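The following exercises concern a single protein structure. Each task is followed by a worked solution in steps.

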Amino acid sequence: MACLSPSQLKKFQEDGFLLLEGFLTEDECVAMQQRIGEIVAEMDVPLHCRTEFSTQEDEQLRNQGSTEYFLSSGDKIRFFFEKGVFDKKGNFLVPPEKSINKIGHALHAHDPVFRGVTHSPKVQALVRSVGLQMPVVVQSMYIFKQPHFGGEGGSITVSPHQDATFLYTEPLGRVLGVWIAMEDALLENGCLWFIPGSHTRGLSRRMIRAPAGTSFLGSEPAWDNNLFVPLPVRRGGLVLIHGEVVHKSEQNLSNHSRQAYTFHLMEAAAGTVWSPENWLQPTTELPFPPLYV
């Protein structure tokens, strides 16, 4: 059943996240992974656009915040890479398919397989049961969480953060993340960790985009690691993520990737304002599409 029960909705409202096991079937996951394999095989990223993705604040501002390839990716399908996978000339040091950190940020709009999953009847039913009246899709990502391959290899640690830092609305509380495991996400390969209830404590910082570049307002607290709880997810499981819940993932030092498809929704009803200072903006070519179509 795609709809949340009253007890599930209550738990999501209390914790700020909720796991739904077996949301996608094995066949659905296989189809999405096969499609990603085709997209990667056709990948053609110019040398000057090969951007290493980071979640560390100083590297975010340097690598993404000042890179047009990243900042203009909201309405496109673009590729972002792990650290240490290029030589000084931008050539791959590892097989290209092992080098990708993520693909973003408009798979939901431009690829029929991912558009079909994002707008599927069961996703729509789920989101309706959460209470969203006019959700729009603001971005999507396919995350690889590559396995450790020696040296400085292995996927990056995703630092503690709140999604609303990057996807800010007024009022707050209008952003919902949907995260779907394409492969088992376990402790050894970098599953998600959450601080239950942290979505009720406000927003710590915001990423601001300006003509001179991006910057952060506020700072991320030094979160006590003891507050985090792990959330292992089996393939096909779905996690609902409140836009202000604090979460992270650790480095993948296993021999197995931890692929996931994730997208974010904004409740557009009742006068919600998408901040014009967010790094990601709707465009004439791609306004944020309604989920319920």
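## Exercise 1: The nonpolar cores

Task: State how many residues the largest nonpolar core has and which residues have the most contacts inside it.

Solution. Step 1. The largest nonpolar core contains 60 residues, and those with the most contacts inside it are I36, F79, I103, Y142, I180, L240 and L265. A nonpolar core is a set of buried Ala, Val, Leu, Ile, Met, Phe, Trp, Tyr and Cys residues joined through side-chain atoms within 4.5 Å. Buried means under 20% relative accessible area, exposed means over 50%, and partly exposed lies in between (1.4 Å probe, protein chains only).

Step 1. Helix 2 supplies the largest share of this core, five residues. Helices (H or I, at least four residues) and strands (E, at least two) are DSSP runs, numbered from the N terminus.

Step 2. Apart from this core lies another one of 13 residues, including C191, L231, V233 and V239.

Step 3. Consider Y142. Leaving aside residues up to four places away in sequence, Y142 touches Q33, I36, N101, K102, I103, L107, F114, M182, Q259, A260 and Y261. Contact here means heavy atoms within 4.5 Å.

A note on the source: this is a predicted model, in which local features need pLDDT of at least 70 and side-chain atom pairs count only at pLDDT 80 or more, while totals for chains, interfaces and linings use all residues. Residues are numbered from 1 along each chain as its sequence is written, and side-chain values use heavy atoms, with hydrogens and water left out.

## Exercise 2: The sheet and its helices

Task: Give the strand order of the open sheet of seven strands, and state which helices lie across its strands.

Solution. Step 1. The order of the seven strands is 1-12-7-14-4-3-2, and the pairing is antiparallel. Two strands pair if DSSP finds at least two bridges between them.

Step 1. Strand 1 (17–20) and strand 2 (77–81) are the edge strands, each pairing on one side only. On average, neighbouring strands of this sheet are turned by 20° against each other, direction ignored. Axes are lines fitted to C-alpha atoms, for helices over the stretch in contact, and angles run from 0 to 180 degrees between N-to-C directions.

Step 2. Strand 7 (residues 175–181) and strand 14 (residues 260–267) run antiparallel and are joined by seven bridges. In this pair, A181 stands opposite A260 in strand 14.

Step 3. Helix 1 (residues 6–15) lies across strand 1, strand 7 and strand 12 (238–242), at about 140° to strand 1. Helix 2 (residues 26–41) lies across strand 2, strand 3 (100–105), strand 4 (135–143), strand 7 and strand 14, at about 100° to strand 3.

## Exercise 3: Salt bridges

Task: State how many salt bridges the whole structure contains, and examine the pairs of K10 and E26.

Solution. Step 1. A search of the whole structure finds eleven salt bridges. A salt bridge is a side-chain nitrogen of Lys or Arg within 4 Å of a carboxyl oxygen of Asp or Glu.

Step 1. K10 forms a salt bridge with E14, with the closest N and O atoms 2.5 Å apart. Because K10 and E14 are four residues apart in helix 1, about one helical turn separates them. K10 is partly exposed at 49% relative accessible area, and E14 is partly exposed at 44%.

Step 2. E26 forms a salt bridge with R235, with the closest N and O atoms 2.7 Å apart. E26 lies in helix 2 and R235 in the loop between strand 11 (229–231) and strand 12, so the pair ties together parts that are 209 residues apart in sequence.

Step 3. R35, E38 and D111 are linked in a network of salt bridges.
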